[in-house]
Amino acid sequence: MIGDRASEATRRRAGPAQAQAIAGGGRVTGPVPEITLNDGRRMPQLGLGVFKVAPGDTARVVGEALAVGYRHVDTAEMYGNERGVGDAIRASGLARENVFVTSKLDNDHHRPDDARRAFERTLAELGFDYVDLFLIHWPLPTRDSGDFVSAWRTLVEFQRDGRARSIGVSNFQVAHLEQLALASDVVPAVNQIELHPHMLNEHVRSHCERSGIAVEAWSPLARGRLLDDRAIAEIARRLGRTPAQVVLRWHVQRGTIVIPKSATPVRIRENLDLFDFELSDEDMQRIAALDRGEAGRTGPHPDRF
Ligand SMILES: NC(=O)c1ccc[n+]([C@@H]2O[C@H](COP(=O)([O-])OP(=O)(O)OC[C@H]3O[C@@H](n4cnc5c(N)ncnc54)[C@H](OP(=O)(O)O)[C@@H]3O)[C@@H](O)[C@H]2O)c1
């Protein structure tokens with residue numbers, strides 16, 4: 001479904017932030033819009049996250065996702081399943097350049113030589129000679145295992161030698177991003193952070209927006225905790241959609257990149273099926289009002305982890 005008609009249809013259905021992302025240079029591949037990053041590369045706005053997918057199940061799960069139209073997978077050395085991601089992409093018959101693959105530098109590998117070895121392991125596990133996006137997984141400001149500025153300079157090397165097409169960070173707070181900006185001219189393309197209706201993470205999100213850093217939401221469904229919420233259930237019933245689709249559509253309309261995880265075929269399909277309905281401004285605001293601030297966090301705090 002590539003082409004002007006598809007682009008036009010998606011533009012008409014899109015909410016304001018998404019329409020802006022498309023009008024701002026994104027093109028449509030299948031039904032999923034693309035976000036243009038600050039390095040000029042494009043990234044599908046929705047992908048499959050594979051945290052906690054068992055290594056032995058990963059090739060099957062990613063294979064299901066590719067078969068229904070996902071073209072973006074988010075993995076990490078920490079998840080232990082990069083090999084299954086690479087195997088699924090090879091088995092799918094899709095050209096490598098048609099699938100966007102993100103992986104991440106594991107904790108305790110921030111020293112340059114450790115980072116170089118870790119990145120080589122990632123490429124070897126995936127079985128690819130490049131990744132589309134490579135992220136520093138956590139800033140780890142309290143650990144004595146190298147520092148994120150040295151790690152960032154090493155990621156810049158990977159981008160210059162072409163083995164990481166785009167580079168970015170994950171779980172970086174505003175202070176970490178400011179420290180990086182003082183030390184390097186290369187601005188991260190992406191900051192992957194915890195963000196969902198229970199934790200809007202607005203301070204970090206708005207800083208990224210002002211700095212030209214694309215925001216990617218991890219645990220977009222708050223690991224499933226949002227799906228029993230009464231307001232979301234009511235909106236879902238009214239629109240004939242599932243609660244997960246309502247939450248994911250909310251992220252998409254805000255222009256955020258999302259990577260919901262599911263190992264369940266029917267949910268994998270459901271989570272991609274977001275591009276033929278729209279939430280009203282009122283529903284968007286109702287969902288944003290579910291914010292619980294820090295109390296809504298499901299994962300560790302980046303200043304302390
Ligand atoms: N950078 C980081 O530090 C970081 C941290 C955490 C996560 N991540 C990334 O973000 C991705 C997503 O985050 P996450 O896995 O923590 O949480 P999530 O995507 O918010 O939620 C996943 C949970 O929701 C369930 N689920 C998914 N779709 C559903 C649907 N349509 N209906 C009902 N339940 C549904 C899944 O169950 P089933 O699998 O059983 O279907 C799973 O239990 C991860 O996989 C990983 O790639 C990154």
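Let's start with strand 10, residues 214-218. Five of its five residues are buried, so this strand is largely enclosed by the rest of the structure. Buried means that 20 or more other C-beta atoms lie within 10 Å of the residue's own; exposed means 12 or fewer, partly exposed is in between, and C-beta atoms are placed from the backbone. Strands here are DSSP runs of E, at least two residues, and helices are runs of H or I, at least four, numbered from the N terminus.

A word on the model. It is a predicted one: local features need pLDDT of at least 70, side-chain atom pairs count only at pLDDT 80 or more, and totals for chains, interfaces and linings use all residues. Residues are numbered from 1 along each chain as its sequence is written.

Back to strand 10. Ala214, Glu216 and Trp218 point one way, Val215 and Ala217 the other. In a regular strand the side chains alternate between the two faces of the sheet. Strand 9, residues 190-194, pairs with strand 10 in the parallel sense, over five bridges. Pairing takes at least two DSSP bridges. Val190 stands opposite Ala214.

Next, helix 6, residues 148-160. Which of its residues are buried? They are Phe148, Ala151, Trp152, Thr154, Leu155 and Phe158. They cover an arc of only 160° around the axis, which puts them on the same side of helix 6. That arc is taken from the directions from the helix axis to the C-beta atoms. An α-helix has 3.6 residues a turn, so residues three or four places apart point the same way.

What covers that buried set? The cover includes strand 6, helix 5, strand 7, strand 8 and helix 7. Contact here means C-beta atoms, placed from the backbone, within 7 Å. Just after helix 6, Gly162 takes a positive phi of about 85°.

Now Pro112, in helix 5. Pro112 counts as partly exposed, because it has 14 C-beta neighbours inside 10 Å. Leaving out residues up to four places away in sequence, Pro112 touches Ser150 and Thr154. Pro112 and Phe148 are 36 residues apart in sequence, and 9.9 Å apart in space, C-alpha to C-alpha.

Last, the ligand. There are 28 residues around it, and Gly49, Phe51, Leu221, Ala244 and Lys261 come nearest. Near means a C-beta atom, placed from the backbone, within 6 Å. Helix 11, residues 265-272, gives the largest share of that shell, three residues.

Definitions and conventions:
Contact = placed C-beta atoms within 7 Å.
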